[in-house]
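This report describes one protein model with its ligand. Please keep the sequence and the coordinates open while reading.

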Amino acid sequence: MKNSTRVFLSEIKKAIIRHSLIVDGDIIGVGISGGKDSIALLYSLCDIIRSAPVRFKFIAILIDLGWLSDLSPIVDFCQQKNIQLHIEPSDIAKIVFEIREEKQPCSLCAKMRRGALHNTAKMLGCNKVALGHHLDDVIETFFLNLIYTGQMKTFLPAIYLDRSDITLIRPMIYVTEDDVVNLVGRENLPVVSSNCPVDGKTKREEIKSTVALLASHYPDFRSRFLTALKRPENPLWTDSVNNNFIL
Ligand SMILES: Nc1ncnc2c1ncn2[C@@H]1O[C@H](COP(=O)(O)OP(=O)(O)OP(=O)(O)O)[C@@H](O)[C@H]1O
């Protein structure tokens, strides 16, 4: 294994340990979108499980929204790695774009997708769902909330959802999007192209360029942001597993 891949995996392990994301007996549904972030997460968990001090299981879950071009690279990858893959069919794309003709389709689509993912995970006996959010997602979400809703909040490393009785975990929050892109290229991980009609035209894409601009002026911007989040006195993240800080 290349050293840069080892470094990537060690950052995931650090997040898992620091935020107690995985404990003995967990059955984790890993949300797979077909994109680079979630396949990087799946790859990482495959490696981490081999030497983990706790016993856990995971299942890859893909909610088929109806616009992925060809799922076979993901199916082949899971077969090669001996990963259980569950593909859940859905009418989400049809409902959002054809039936409801939503002007702001992303929020309805994301809501329906989350519901389908949590229900499918529960149906498969999972107590946790792992998502492929990375540090850039954490930073972008912070600025999206600040600018559009006037709130200082972002993704938590872990959060228990009462309503669906499931804990969401985000093991990739210490790695950047560039780290993910490099891993996917280096390890030749399969990415499936999406025909989503609003891909690349969202508010998140706008914020992404703003964050990139900040990082080009201040090269340590992302790592400083992470340091700020990790500070024990910072209410955004501290003890998030026990939900002592509700955002
Ligand atoms: N169709 C889906 N089925 C299952 N899980 C999904 C699906 N879409 C997204 N997810 C999960 O939700 C996370 C966040 O979704 P989002 O649409 O923001 O993707 P992303 O950050 O671009 O990640 P990716 O590169 O994996 O698409 C993904 O990383 C993945 O874990």
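Is Ser20 buried, exposed or partly exposed? With 14 other C-beta atoms within 10 Å, Ser20 is partly exposed. The classes rest on C-beta atoms placed from the backbone: a residue is buried if 20 or more others lie within 10 Å of its own, exposed if 12 or fewer, and partly exposed in between.

## Basis of the model

The model is predicted; local features need pLDDT of at least 70 and side-chain atom pairs count only at pLDDT 80 or more, while totals for chains, interfaces and linings use all residues. Residues are numbered from 1 along each chain as its sequence is written.

Helices (H or I, at least four residues) and strands (E, at least two) are DSSP runs, numbered from the N terminus.

## Two residues with positive phi

Most residues other than glycine have a negative phi, and most peptide bonds are trans. Ser20, a residue other than glycine, has a positive phi near 45°. Ser20 belongs to the loop between helix H1 (3-18) and S1.

Asn188 is not a glycine either, and its phi is positive at about 55°. Asn188 sits in the loop between helix H7 (177-186) and helix H8 (203-217). Asn188 is exposed, because 7 other C-beta atoms lie within 10 Å.

## Strand pairing

Two strands are taken to pair if DSSP finds at least two bridges between them. S1 and S2 are parallel partners over 5 bridges. The chain runs from S1 through H2 to S2, and this β-α-β crossover is right-handed (with the strands pointing away from the viewer, the path from the first strand over the helix to the second runs clockwise).

Because 4 of the 5 residues of S1 are buried, S1 is largely enclosed by the rest of the structure.

## Ligand shell and annotated site

There are 17 residues around the ligand, and Gly31, Ser33, Gly35, Ser38 and Gly132 come nearest. By class, the shell has 7 nonpolar, 6 polar and 4 charged residues. Ala, Val, Leu, Ile, Met, Phe, Trp, Tyr, Cys and Pro count as nonpolar, Asp, Glu, Lys and Arg as charged, and the others, Gly among them, as polar.

In the unreviewed UniProt entry, the annotation "binding site" covers Gly31, Ile32, Ser33, Asp37, Ile63, Gly132 and Asp137. The UniProt positions follow the numbering used here, feature names are shortened, and annotations may be inferred rather than shown by experiment.

Ile32 lies in the loop between strand S1 (27-31) and helix H2 (36-51). Ile32 counts as buried because 28 other C-beta atoms lie within 10 Å. Contact is defined as C-beta atoms, placed from the backbone, lying within 7 Å. Not counting residues up to four places away in sequence, Ile32 touches Ser38, Ile39, Leu42, Ala60, Ile61, Leu62 and Ile74.

Asp37 is located in helix H2 and is buried, having 23 C-beta neighbours inside 10 Å. With residues up to four places away in sequence not counted, Asp37 touches Gly132, His134, Met172 and Val180.

## Helix H6

Asp136 is part of helix H6 (residues 135-149). Asp136 is buried, with 23 C-beta neighbours inside 10 Å. Beyond its neighbours within four places in sequence, Asp136 is in contact with Thr176, Glu177 and Val211. Asp136 and Phe225 are 89 residues apart in sequence, and their C-alpha atoms are 9.9 Å apart in space.

Asn145 is also found in helix H6. Asn145 is partly exposed, with 15 other C-beta atoms within 10 Å. Leaving out residues up to four places away in sequence, Asn145 touches Gln151, Lys153 and Thr154.

Definitions and conventions. Contact = placed C-beta atoms within 7 Å. Near = placed C-beta within 6 Å.
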